[in-house]
Amino acid sequence: MTDIITLNKLEKVFGNEKGLDDLSFRVKKGEIFGFLGPSGAGKTTTIKILTGQLRPTSGQADVFDVPSTKVNIPKHLKRIGVMTDTSGLYQRLSVYDNLRLYADLYGISQKDNRIDKVLEIVNLTEAGKKQVAKLSKGMTQRVLLARAFLHEPELLFLDEPTAALDPANSQHIHDGLRELNKKGTTIFLTTHDMYEAELLCDRVAFLNKGSVQLLGVPKALRRQYSDNTITVELSGGEKKILSKGPESAQDMYDWLKMGAVESVYTNEPTLGDIFVDLTGRELV
Ligand SMILES: Nc1ncnc2c1ncn2[C@@H]1O[C@H](COP(=O)(O)OP(=O)(O)OP(=O)(O)O)[C@@H](O)[C@H]1O
Ligand SMILES: [Mg+2]
């Protein structure tokens, strides 16, 4: 698979503080890539560099084989969608008119009801006529999301897309993002939420203090960091921890035969556990 984003030894210095430090990784075309890290790790800074809003201090960042410093022109920007913060909407216009304005900018015709379609994806069909100034925080966030993928970009950057949303809306948006991804949009998203990362992402990178500490497929990472044990919960509440090997077979057999097994689960760590293990820091 070809790479759509390449970062090589990227560094960003703010005054005397390093925002990014020796940051290198690649994002493949077609994947949903999760960028995980605690507050201040450098997630937003990375997106700003990749979308041409900030210049790196040193190193190289390429998007579609174009240096990020040159991506900020209409020809390339048309291929990208970005949601980084909660500003930039016309407060006095309705949700629909805000999106119409962008649709016109992108030359999206009114014929194929694209605006209605994206409003449906972000669960705002009912709110189309509402003035943006009167929306809740979560609704505003969903309008910004809708705006970011209105033009079905090849590459979509989402900075904590579900941060202010309730679980039902988050799930609705996850479904929408999966659908968009199936149609060919590569998605780069940041999150503090390890469950979101696991549910949605093909690969994740753990960012800490400006550089990547670990990168991989969520399921594989969890297996890699697993201690290869299972917990068997017996009726009566007792919990037994067993290795996954044949040496546990007799115990399991006996308990099952007695009908004493309530539940069995593997003891794989969550992505959050792995992050704490590696960095000594919590993800949130
Ligand atoms: N414009 C700026 N001027 C000075 N320092 C900055 C600037 N932008 C970011 N930083 C610093 O760079 C580091 C990374 O910030 P960034 O916003 O990228 O973190 P983040 O991972 O997005 O955090 P959060 O999860 O809170 O959004 C922080 O220490 C921050 O203080
Ligand atoms: Mg941020």
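Guide: Let's begin with pairing: two strands count as paired if DSSP finds at least two bridges between them. Keep in mind that this is a predicted model. One residue pair to look at is Gly34, which stands opposite Leu189 in S8.

Visitor: What makes S3 and S8 a pair?

Guide: At least two bridges are needed, and five bridges join strand S3 (residues 32-36) to S8. So the two count as paired, and they run parallel.

Visitor: Which strand, besides that one, pairs with S8 over five bridges?

Guide: Strand S7 (residues 155-159) does, again in the parallel sense. Within that pairing, Phe157 has Phe188 of S8 as its bridge partner. From S7 the chain crosses through helix H6 (residues 167-182) to S8.

Visitor: Why is this β-α-β crossover called right-handed?

Guide: Point the strands away from you and follow the path from the first strand over the helix to the second: if the path runs clockwise, the crossover is right-handed. The one from S7 through H6 to S8 is right-handed, so its path runs clockwise in that view.

Visitor: How do you know that S8 is mostly covered?

Guide: A residue is buried if 20 or more other C-beta atoms lie within 10 Å of its own. In S8 (residues 186-191), six of its six residues are buried, so each of them reaches that count. Both faces are covered: Thr186, Phe188 and Thr190 are buried on one side, and Ile187, Leu189 and Thr191 on the other.

Visitor: And what about the chain as a whole?

Guide: Of its 284 residues, 35% count as buried. The chain has 10 helices and 13 strands.

Visitor: What makes a set of residues a nonpolar core?

Guide: The largest nonpolar core here has 63 residues, and Leu36, Val118 and Ala146 touch the most other members. Helix H5 (residues 137-149) gives the largest share of this core, seven residues. As for Ala146, the residues it touches include Leu99, Val118 and Ile121, leaving aside those up to four places away in sequence.

Visitor: How do you know that the buried residues of H10 line one face of the helix?

Guide: The buried residues of helix H10 (residues 271-279) are Leu271, Ile274 and Phe275. Seen down the axis of H10, they fall within an arc of 100°, so they line one face. Among the elements that cover them are S3, helix H7 (194-200), strand S9 (203-208) and helix H8 (218-224). After H10 comes Gly280, with a positive phi near 75°.

Visitor: What makes S2 and S5 edge strands?

Guide: The order of their open sheet of four strands is S2-S1-S4-S5, with antiparallel pairing. Strand S2 (17-28) and strand S5 (66-67) each pair on one side only, and they are the edge strands.

Visitor: How many bridges does S5 have with S4?

Guide: S5 and strand S4 (residues 58-63) share two bridges, in the antiparallel sense. The cut-off is at least two, so they count as a pair. There, Asp62 stands opposite Pro67 in S5.

Visitor: How many Å lie between the C-alpha centres of domain 1 and domain 2?

Guide: They lie 43 Å apart. The domain assignment gives domain 1 as 3-222 and domain 2 as 227-267.

Note on methods
Residues are numbered from 1 along each chain as its sequence is written. Chains are lettered from A and ligands numbered from 1 in the order in which they are written. This is a predicted model: local features need pLDDT of at least 70, side-chain atom pairs count only at pLDDT 80 or more; totals for chains, interfaces and linings use all residues. A residue is buried if 20 or more other C-beta atoms lie within 10 Å of its own, exposed if 12 or fewer, and partly exposed in between; C-beta atoms are placed from the backbone. A nonpolar core is a set of buried Ala, Val, Leu, Ile, Met, Phe, Trp, Tyr and Cys residues joined through C-beta atoms within 7 Å. Two residues are in contact if their C-beta atoms, placed from the backbone, lie within 7 Å. The arc is that of the directions from the helix axis to the C-beta atoms. Domain bounds come from an automatic or database domain assignment.
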